[in-house]
Amino acid sequence: MKEKKEKKLSKAELKRREAFEKKKGEYEAQGYQTQLLKIGALEANVFAVILAIPFIIGFVFWYQAAGNSFETEAVEFYIAFLVLLVLMVVHELIHGITFSLMAENGWKSVSFGIMLSSLTPYCNCNQPMKKGQMIIAALMPTVILGFLPAVIAVMNGSSFLLYVSMLMIIGGGGDFLIVINLLRYKSLAKEVIFLDHPYEIGTVVFER
């Protein structure tokens with residue numbers, strides 16, 4: 001049987017892993033046990049679409065029920081793609097802002113980068129959070145860039161804005177999975193700490 005090839009990490013990811021292993025050792029020395037709520041990249045991509053479908057259907061139905069029509073020129077699809085590239089960065093920035101507002105060390109706790117394997121921007125927070133805080137930080141970009149614009153699109157009849165919002169809802173699929181894992185995770189421990197995984201999609205849980 002072939003051994004699973006270890007993910008190649010960037011210098012920034014290696015640095016975060018080193019800091020995480022040190023913090024993990026400190027927690028375990030205090031009696032905490034570690035649980036990983038990790039999500040694979042393929043799983044995140046597949047479920048991003050699956051989880052977005054009900055929302056897309058709902059907003060499209062609402063859009064049409066409001067008497068709006070889908071009259072979009074072909075060039076607007078290309079514009080939507082360019083806007084999407086910018087909003088991918090804004091998506092991570094919103095993660096960072098949300099984390100910084102809740103983290104003890106503010107912006108010092110937040111870092112940004114790009115996953116070299118997929119050229120995907122990411123945001124990471126190295127400060128422990130409560131479950132509710134992790135859920136808020138995970139959902140905030142999709143709420144601001146996906147759901148809110150979709151509602152505005154229905155109100156003003158902008159099919160272009162609706163397309164962009166749907167793409168951003170799909171882009172939040174990985175965040176939806178993180179939230180689902182957090183909601184499904186039940187612990188009888190008296191103390192539970194949640195930490196953003198330093199280089200994977202998911203959350204690390206410390207409990208005792």
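The axes of helix H2 (residues 41-65) and helix H6 cross at roughly 90 degrees and come within 7 Å. Axes here are lines fitted to C-alpha atoms, for helices over the stretch in contact, with angles from 0 to 180 degrees between N-to-C directions. Helices (H or I, at least four residues) and strands (E, at least two) are DSSP runs numbered from the N terminus. The model is predicted: local features need pLDDT of at least 70, side-chain atom pairs count only at pLDDT 80 or more, and totals for chains, interfaces and linings use all residues. Residues are numbered from 1 along each chain as its sequence is written, and side-chain values use heavy atoms, without hydrogens or water.

**Exercise 1.** Classify the packing of H2 and H6, and list the residues in contact.

*Solution.* Angles under 35 degrees count as roughly parallel, over 145 as roughly antiparallel, 65 to 115 as roughly perpendicular and the rest as oblique. H2 and H6 are therefore roughly perpendicular to each other. Next, take the contact (heavy atoms within 4.5 Å). H2 supplies Glu43, Ala44, Phe47, Ala48, Leu51 and Phe55, and H6 supplies Gly173, Gly174, Phe176, Leu177 and Ile180. By class, there are 8 nonpolar, 2 polar and 1 charged residues. Ala, Val, Leu, Ile, Met, Phe, Trp, Tyr, Cys and Pro count as nonpolar, Asp, Glu, Lys and Arg as charged, and the others, Gly among them, as polar.

**Exercise 2.** Do the classification for helix H4 (residues 131-156) and H6 (residues 173-184).

*Solution.* The angle is about 150 degrees, and the axes lie 9 Å apart. H4 and H6 are therefore roughly antiparallel to each other. The contact involves Lys131, Met134, Ile135, Ala138, Leu139, Thr142 and Phe147 of H4, with Asp175, Phe176, Val179, Leu182 and Leu183 of H6. These residues divide into 9 nonpolar, 1 polar and 2 charged.
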